[in-house]
Amino acid sequence: MNIQQVTICGAGVLGAQIAFQTAFHDFDVVLYDTNPKVLAAIPDRFEKLRTTYHQEVNATPQQIEATIARIALVDELAVATQNADLIIEAITENTRIKKAFYSQLGTVAPAKSIFCTNSSTLLPSWFAKETGRPERFLALHFANQIWKHNTAEIMGHATTDPLIFETIVSFAKAIGMIALPIYKEQPGYILNSLLVPFLKSSLALYCNEVADPMTIDKTWMKASGAPMGPFGICDIVGISTIYNINKMAAEKGDAHAQKVATLLQEHFIDQGKLGMPTGQGFYSYPNPAYEEEDFLS
(Lines give C-alpha, C1' and ligand atoms only; values in the text may rest on other atoms or scores of the structure.)
Protein backbone atom coordinates (compact mmCIF):
# COMPACT_ATOMS: atom_id res chain seq x y z
CA MET A 1 0.00 0.00 0.00
CA ASN A 2 1.26 3.45 -0.90
CA ILE A 3 0.97 5.88 2.03
CA GLN A 4 0.81 9.51 0.98
CA GLN A 5 -1.41 11.38 3.43
CA VAL A 6 -1.03 10.88 7.18
CA THR A 7 -3.35 12.16 9.89
CA ILE A 8 -2.08 12.57 13.45
CA CYS A 9 -4.82 12.61 16.07
CA GLY A 10 -3.66 14.46 19.16
CA ALA A 11 -1.60 17.64 18.85
CA GLY A 12 0.25 17.44 22.14
CA VAL A 13 4.03 17.35 22.51
CA LEU A 14 4.58 14.00 20.80
CA GLY A 15 1.74 14.37 18.31
CA ALA A 16 3.28 17.61 17.07
CA GLN A 17 6.68 15.95 16.82
CA ILE A 18 5.28 13.02 14.82
CA ALA A 19 3.54 15.43 12.47
CA PHE A 20 6.70 17.50 11.96
CA GLN A 21 8.96 14.49 11.43
CA THR A 22 6.50 12.94 8.96
CA ALA A 23 6.13 16.16 6.98
CA PHE A 24 9.90 16.67 7.03
CA HIS A 25 10.14 13.41 5.08
CA ASP A 26 7.79 14.69 2.36
CA PHE A 27 4.44 13.27 3.48
CA ASP A 28 1.30 15.41 3.54
CA VAL A 29 0.10 15.63 7.14
CA VAL A 30 -3.10 16.64 8.90
CA LEU A 31 -2.73 17.36 12.62
CA TYR A 32 -6.05 16.99 14.45
CA ASP A 33 -7.17 18.03 17.92
CA THR A 34 -10.47 19.16 19.43
CA ASN A 35 -8.85 21.45 21.98
CA PRO A 36 -8.50 24.99 20.55
CA LYS A 37 -5.79 25.87 23.08
CA VAL A 38 -3.69 22.90 21.96
CA LEU A 39 -4.05 23.84 18.30
CA ALA A 40 -3.29 27.48 19.10
CA ALA A 41 -0.02 26.38 20.69
CA ILE A 42 1.15 24.55 17.55
CA PRO A 43 2.85 27.55 15.87
CA ASP A 44 5.02 28.02 18.98
CA ARG A 45 5.82 24.29 19.04
CA PHE A 46 6.80 24.42 15.39
CA GLU A 47 9.01 27.47 15.98
CA LYS A 48 10.91 25.50 18.61
CA LEU A 49 11.14 22.52 16.26
CA ARG A 50 12.36 24.87 13.53
CA THR A 51 15.36 25.74 15.71
CA THR A 52 15.89 22.14 16.80
CA TYR A 53 15.85 20.71 13.28
CA HIS A 54 18.20 23.44 12.08
CA GLN A 55 20.68 22.84 14.90
CA GLU A 56 20.40 19.07 15.40
CA VAL A 57 19.24 17.72 12.03
CA ASN A 58 21.07 20.29 9.87
CA ALA A 59 17.82 21.12 8.10
CA THR A 60 17.92 24.12 5.78
CA PRO A 61 15.43 27.01 6.15
CA GLN A 62 13.86 25.88 2.87
CA GLN A 63 13.35 22.34 4.15
CA ILE A 64 11.74 23.60 7.33
CA GLU A 65 9.41 25.98 5.51
CA ALA A 66 8.36 23.15 3.19
CA THR A 67 7.80 20.90 6.20
CA ILE A 68 5.47 23.37 7.92
CA ALA A 69 3.64 24.03 4.65
CA ARG A 70 2.81 20.31 4.37
CA ILE A 71 0.98 20.28 7.74
CA ALA A 72 -2.68 21.29 8.01
CA LEU A 73 -4.35 21.91 11.38
CA VAL A 74 -7.91 20.60 11.69
CA ASP A 75 -10.40 20.42 14.58
CA GLU A 76 -13.05 18.16 13.01
CA LEU A 77 -12.35 14.41 12.88
CA ALA A 78 -14.30 13.64 9.70
CA VAL A 79 -12.48 16.41 7.84
CA ALA A 80 -9.09 15.46 9.27
CA THR A 81 -9.39 11.85 8.16
CA GLN A 82 -11.30 12.10 4.89
CA ASN A 83 -8.25 11.39 2.69
CA ALA A 84 -6.01 9.62 5.19
CA ASP A 85 -4.02 6.58 4.14
CA LEU A 86 -2.65 6.29 7.68
CA ILE A 87 -4.07 7.62 10.95
CA ILE A 88 -1.80 7.73 14.00
CA GLU A 89 -3.54 8.19 17.34
CA ALA A 90 -1.50 10.08 19.95
CA ILE A 91 -4.12 10.96 22.56
CA THR A 92 -4.01 10.53 26.32
CA GLU A 93 -2.91 7.17 27.74
CA ASN A 94 -6.35 6.15 29.03
CA THR A 95 -8.14 2.97 27.97
CA ARG A 96 -11.65 4.38 28.24
CA ILE A 97 -10.81 7.52 26.26
CA LYS A 98 -9.02 5.56 23.55
CA LYS A 99 -11.91 3.12 23.14
CA ALA A 100 -14.38 5.96 22.74
CA PHE A 101 -12.08 7.65 20.23
CA TYR A 102 -11.69 4.52 18.07
CA SER A 103 -15.44 3.90 18.09
CA GLN A 104 -15.87 7.36 16.58
CA LEU A 105 -12.87 7.12 14.26
CA GLY A 106 -14.05 3.82 12.77
CA THR A 107 -17.29 5.43 11.62
CA VAL A 108 -15.77 8.46 9.85
CA ALA A 109 -12.42 7.32 8.41
CA PRO A 110 -12.31 5.91 4.87
CA ALA A 111 -12.07 2.15 4.44
CA LYS A 112 -8.54 2.45 3.06
CA SER A 113 -7.14 4.00 6.25
CA ILE A 114 -4.72 2.09 8.45
CA PHE A 115 -5.07 2.90 12.15
CA CYS A 116 -2.07 3.02 14.48
CA THR A 117 -1.91 3.76 18.18
CA ASN A 118 1.14 5.50 19.58
CA SER A 119 0.39 4.05 23.02
CA SER A 120 3.49 3.33 25.07
CA THR A 121 1.91 0.82 27.46
CA LEU A 122 -1.51 -0.30 26.18
CA LEU A 123 -2.00 -3.26 23.84
CA PRO A 124 -3.62 -2.84 20.40
CA SER A 125 -5.88 -5.85 21.02
CA TRP A 126 -7.63 -3.84 23.75
CA PHE A 127 -9.00 -1.44 21.09
CA ALA A 128 -9.14 -3.62 17.98
CA LYS A 129 -12.90 -4.29 18.23
CA GLU A 130 -13.71 -0.59 18.57
CA THR A 131 -11.83 0.28 15.37
CA GLY A 132 -14.20 -1.76 13.23
CA ARG A 133 -11.17 -2.86 11.16
CA PRO A 134 -8.94 -4.95 13.45
CA GLU A 135 -6.95 -6.34 10.53
CA ARG A 136 -5.82 -2.79 9.67
CA PHE A 137 -4.96 -1.78 13.22
CA LEU A 138 -1.67 -2.01 15.12
CA ALA A 139 0.70 -0.06 17.38
CA LEU A 140 3.35 2.37 16.15
CA HIS A 141 5.16 3.76 19.17
CA PHE A 142 7.58 6.67 18.95
CA ALA A 143 9.88 7.99 21.67
CA ASN A 144 9.87 11.64 22.70
CA GLN A 145 12.41 13.85 20.87
CA ILE A 146 11.61 11.80 17.79
CA TRP A 147 14.26 13.47 15.62
CA LYS A 148 16.99 12.22 17.98
CA HIS A 149 15.51 9.13 19.65
CA ASN A 150 14.32 7.87 16.29
CA THR A 151 12.91 4.49 17.27
CA ALA A 152 9.58 3.14 16.08
CA GLU A 153 8.20 0.05 17.80
CA ILE A 154 5.70 -1.74 15.54
CA MET A 155 3.43 -4.26 17.24
CA GLY A 156 0.35 -5.94 15.82
CA HIS A 157 -2.20 -8.18 17.50
CA ALA A 158 -3.63 -11.59 16.67
CA THR A 159 -5.65 -10.45 13.65
CA THR A 160 -3.44 -7.70 12.21
CA ASP A 161 -2.90 -8.33 8.50
CA PRO A 162 0.81 -9.20 7.96
CA LEU A 163 0.89 -7.01 4.85
CA ILE A 164 -0.38 -4.06 6.88
CA PHE A 165 2.30 -4.76 9.49
CA GLU A 166 5.02 -4.67 6.81
CA THR A 167 3.51 -1.50 5.34
CA ILE A 168 3.97 0.25 8.69
CA VAL A 169 7.52 -1.09 9.05
CA SER A 170 8.29 0.46 5.65
CA PHE A 171 6.57 3.72 6.58
CA ALA A 172 8.59 3.99 9.79
CA LYS A 173 11.81 3.66 7.80
CA ALA A 174 10.56 6.21 5.26
CA ILE A 175 10.26 8.90 7.96
CA GLY A 176 13.76 8.29 9.28
CA MET A 177 12.98 5.85 12.07
CA ILE A 178 14.83 2.73 13.17
CA ALA A 179 11.99 0.23 12.76
CA LEU A 180 11.69 -2.23 15.66
CA PRO A 181 9.19 -4.97 14.74
CA ILE A 182 7.61 -6.80 17.69
CA TYR A 183 6.10 -10.17 16.82
CA LYS A 184 4.05 -10.83 19.95
CA GLU A 185 1.95 -8.47 22.04
CA GLN A 186 3.90 -7.34 25.07
CA PRO A 187 2.75 -4.74 27.62
CA GLY A 188 5.34 -1.98 27.54
CA TYR A 189 6.62 -3.18 24.16
CA ILE A 190 10.45 -3.30 24.21
CA LEU A 191 11.44 0.16 25.40
CA ASN A 192 9.02 0.50 28.29
CA SER A 193 9.44 -3.11 29.36
CA LEU A 194 12.99 -1.99 30.13
CA LEU A 195 12.32 1.61 31.13
CA VAL A 196 9.21 1.44 33.36
CA PRO A 197 10.74 -0.88 36.02
CA PHE A 198 13.81 1.38 36.06
CA LEU A 199 11.73 4.51 36.61
CA LYS A 200 9.51 2.70 39.13
CA SER A 201 12.55 1.81 41.24
CA SER A 202 13.83 5.37 41.02
CA LEU A 203 10.49 6.87 42.02
CA ALA A 204 10.29 4.44 44.95
CA LEU A 205 13.63 5.70 46.25
CA TYR A 206 12.32 9.26 46.00
CA CYS A 207 8.82 8.62 47.42
CA ASN A 208 10.21 6.62 50.33
CA GLU A 209 12.63 9.48 51.10
CA VAL A 210 15.71 7.31 50.59
CA ALA A 211 17.37 9.96 48.43
CA ASP A 212 16.45 13.06 46.44
CA PRO A 213 16.10 12.97 42.61
CA MET A 214 19.39 14.74 41.93
CA THR A 215 21.36 12.31 44.10
CA ILE A 216 19.64 9.34 42.47
CA ASP A 217 20.50 10.70 39.03
CA LYS A 218 24.10 11.36 40.02
CA THR A 219 24.41 7.80 41.29
CA TRP A 220 23.13 6.31 38.05
CA MET A 221 25.11 8.61 35.77
CA LYS A 222 28.40 8.12 37.56
CA ALA A 223 28.04 4.36 37.97
CA SER A 224 26.79 3.61 34.45
CA GLY A 225 28.28 6.41 32.36
CA ALA A 226 24.79 7.37 31.14
CA PRO A 227 24.29 10.99 29.98
CA MET A 228 21.30 11.45 32.29
CA GLY A 229 19.56 9.73 35.18
CA PRO A 230 16.00 8.47 35.66
CA PHE A 231 14.57 11.85 36.68
CA GLY A 232 16.08 13.54 33.65
CA ILE A 233 14.36 10.82 31.63
CA CYS A 234 11.07 11.51 33.44
CA ASP A 235 11.29 15.13 32.31
CA ILE A 236 11.80 14.05 28.69
CA VAL A 237 9.03 11.43 28.74
CA GLY A 238 6.76 13.99 30.39
CA ILE A 239 5.61 13.94 33.99
CA SER A 240 1.97 13.77 32.85
CA THR A 241 2.72 10.46 31.13
CA ILE A 242 4.47 9.09 34.23
CA TYR A 243 1.53 10.27 36.33
CA ASN A 244 -1.08 8.65 34.04
CA ILE A 245 0.74 5.31 34.07
CA ASN A 246 0.86 5.31 37.87
CA LYS A 247 -2.72 6.52 38.18
CA MET A 248 -3.96 3.59 36.09
CA ALA A 249 -1.94 1.16 38.20
CA ALA A 250 -3.30 2.80 41.36
CA GLU A 251 -6.85 2.28 40.14
CA LYS A 252 -6.07 -1.45 40.02
CA GLY A 253 -4.99 -1.44 43.67
CA ASP A 254 -1.25 -0.75 43.44
CA ALA A 255 -0.46 1.12 46.68
CA HIS A 256 3.00 2.20 45.56
CA ALA A 257 1.61 3.61 42.31
CA GLN A 258 -0.96 5.56 44.32
CA LYS A 259 1.81 7.09 46.42
CA VAL A 260 3.74 8.07 43.29
CA ALA A 261 0.64 9.49 41.57
CA THR A 262 -0.24 11.60 44.64
CA LEU A 263 3.30 12.97 44.92
CA LEU A 264 3.48 13.83 41.22
CA GLN A 265 0.08 15.50 41.25
CA GLU A 266 0.75 17.63 44.33
CA HIS A 267 4.32 18.67 43.58
CA PHE A 268 4.35 18.75 39.77
CA ILE A 269 1.04 18.37 37.88
CA ASP A 270 -0.91 20.90 39.97
CA GLN A 271 1.97 23.38 39.68
CA GLY A 272 2.27 23.04 35.91
CA LYS A 273 5.69 21.43 36.17
CA LEU A 274 5.34 18.80 33.46
CA GLY A 275 8.97 18.34 32.50
CA MET A 276 10.92 19.57 29.50
CA PRO A 277 7.85 20.76 27.51
CA THR A 278 6.97 23.33 30.20
CA GLY A 279 10.55 24.26 31.08
CA GLN A 280 10.24 22.90 34.60
CA GLY A 281 10.08 19.41 36.07
CA PHE A 282 12.64 17.69 38.20
CA TYR A 283 15.05 20.08 36.46
CA SER A 284 14.77 23.50 34.82
CA TYR A 285 15.08 23.86 31.02
CA PRO A 286 16.92 24.74 28.93
CA ASN A 287 20.31 23.87 30.38
CA PRO A 288 19.29 21.35 33.07
CA ALA A 289 21.71 20.87 35.97
CA TYR A 290 22.67 17.35 34.88
CA GLU A 291 24.30 18.81 31.76
CA GLU A 292 26.64 21.04 33.79
CA GLU A 293 30.29 20.04 33.92
CA ASP A 294 30.42 19.88 37.70
CA PHE A 295 27.16 17.95 38.19
CA LEU A 296 28.99 14.73 39.09
CA SER A 297 31.62 16.37 41.24
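Mentor: Let's start with how helix angles are read: axes are lines fitted to C-alpha atoms, for helices over the stretch in contact, and angles run from 0 to 180 degrees between N-to-C directions. This is a predicted model, in which local features need pLDDT of at least 70 and side-chain atom pairs count only at pLDDT 80 or more, while totals for chains, interfaces and linings use all residues. Residues are numbered from 1 along each chain as its sequence is written, and side-chain values use heavy atoms, without hydrogens and water.

Trainee: Thanks! What makes α9 oblique to α10?

Mentor: Helix α9 (residues 191–207) and helix α10 (residues 213–224) pack at about 135°, with axes 9 Å apart. Angles under 35 degrees count as roughly parallel, over 145 as roughly antiparallel, 65 to 115 as roughly perpendicular, and the rest as oblique. The angle of about 135° falls in that remainder, so α9 is oblique to α10.

Trainee: Which residues make that contact?

Mentor: Phe198, Ser202, Leu205 and Tyr206 come from α9, and Pro213, Ile216 and Trp220 from α10; contact means heavy atoms within 4.5 Å. They divide into six nonpolar, one polar and no charged. Here Ala, Val, Leu, Ile, Met, Phe, Trp, Tyr, Cys and Pro count as nonpolar, Asp, Glu, Lys and Arg as charged, and the others, Gly among them, as polar.

Trainee: Why is α9 called roughly perpendicular to α13?

Mentor: The axes of α9 and helix α13 (residues 255–267) come within 10 Å and cross at roughly 70°. That angle lies in the 65 to 115 range, so α9 is roughly perpendicular to α13. The residues of this contact divide into six nonpolar, one polar and two charged.

Trainee: Why is glutamate 135 called partly exposed?

Mentor: Its relative accessible area is 35%. Buried means under 20%, exposed over 50%, and partly exposed in between (1.4 Å probe, protein chains only), so glutamate 135 is partly exposed. Glutamate 135 sits in the loop between α7 (128–131) and β6, and its C-alpha is 4.9 Å from that of aspartate 161, though the two are 26 residues apart in sequence.

Trainee: And how many residues of β6 are buried?

Mentor: Six of the six residues of strand β6 (residues 137–142) are buried. Phe137, Ala139 and His141 point one way, and Leu138, Leu140 and Phe142 the other.

Trainee: How do you know that β6 pairs with β5?

Mentor: Two strands pair if DSSP finds at least two bridges between them. Strand β5 (residues 114–117) and β6 have three, in the parallel sense, and phenylalanine 115 has phenylalanine 137 as its bridge partner.

Note on methods: Helices (H or I, at least four residues) and strands (E, at least two) are DSSP runs, numbered from the N terminus.
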